Amino acid sequence: MARSDATHTDIAVAKIVGVYGIKGWVKLKINLETPASLTSLQPQFLTDARGQGHRPTRVLNVRAQGKGYIAHLEAIDDRNAAELLRGHSIMVPKSSLPALDDGEFYWDDLVDCSVLTRDDQGNLVDLGRVNNLLETGANDVLVVRASESSIDDRERLIPYIEEVVIVKVDLNEAVIEVNWHPDD
């Protein structure tokens, strides 16, 4: 089953995880390789933790702070206003992201892909669908949840290690083939 780009037109580039100081700065978990690019991606809008709402915003400044990042958003000038944004995501249209080279993709492209592996007889079996990805430091991890067609109802954490665990990614068919034993 191929995915429709129409269902994936917006992408979360950051999540507000806390507040910083008294002047309205927020702590962010940024989903970009270059956090500074957050100030140039436009248009931007906020959605709440349930993915609802569509409030325009603009990141005016972003900087490293400790092990994370903080940002100042337009029209958020005190701690109380910033506190109301905890749990919100900063979204941008996918079309505003930089173009990728062949074979590259955004993490968001992998969400909802079926994850297939080969059993001991060499037959493809369905492990489930990618629910989200985790950044662990050593390597990224696919969180694969059971689906209607999966072989069981288990959730699996599969490391995203190219050419070792990840055999093939086919975004047109929304399929990721992995080298992962079905019992693992």
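What share of the contacts in the chain with a separation of 6 or more is accounted for by residues 24 or more positions apart? In this predicted model, such pairs account for 50% of those contacts, a contact being a case of heavy atoms within 4.5 Å. Residues are numbered from 1 along each chain as its sequence is written. Local features need pLDDT of at least 70, side-chain atom pairs count only at pLDDT 80 or more, totals for chains, interfaces and linings use all residues, and side-chain values use heavy atoms, with hydrogens and water left out.

The mean pLDDT of the chain, on the predictor's scale of confidence in each residue from 0 to 100, is 90, and 96% of the residues reach 70 or more. Over residues 1-7, however, pLDDT stays under 50, and for this stretch the model has 14 contacts beyond four places in sequence. The C-alpha trace spans about 60 × 30 × 30 Å along its principal axes. Of the 184 residues, 39% count as buried, that is, under 20% relative accessible area with a 1.4 Å probe and protein chains only, whereas exposed means over 50% and partly exposed lies in between.

The chain has 2 helices and 13 strands, where helices (H or I, at least four residues) and strands (E, at least two) are DSSP runs numbered from the N terminus. Seven of the strands form an open sheet in the order β4-β3-β7-β1-β2-β6-β5, with antiparallel pairing, and two strands are taken to pair if DSSP finds at least two bridges between them. At the edges stand β4 (55-57) and β5 (59-65), each of which pairs on one side only. Strands of a sheet pair through backbone hydrogen bonds, either parallel or antiparallel.

Within this sheet, strand β3 (residues 44-47) is joined by 3 bridges to the antiparallel β4, with leucine 46 standing opposite arginine 55. Another 3 bridges join β3 to β7, again antiparallel, and here threonine 47 stands opposite serine 89. In a regular strand the side chains alternate between the two faces of the sheet.

Valine 13 touches, beyond four places away in sequence, residues including Leu38, Leu41, Ile90, Val92 and Leu97.

Histidine 181 is placed in the segment after β13 (175-178), and histidine 181 counts as partly exposed because its relative accessibility is 32%. Although histidine 181 and arginine 118 are 63 residues apart in sequence, their C-alpha atoms are 7.5 Å apart in space.
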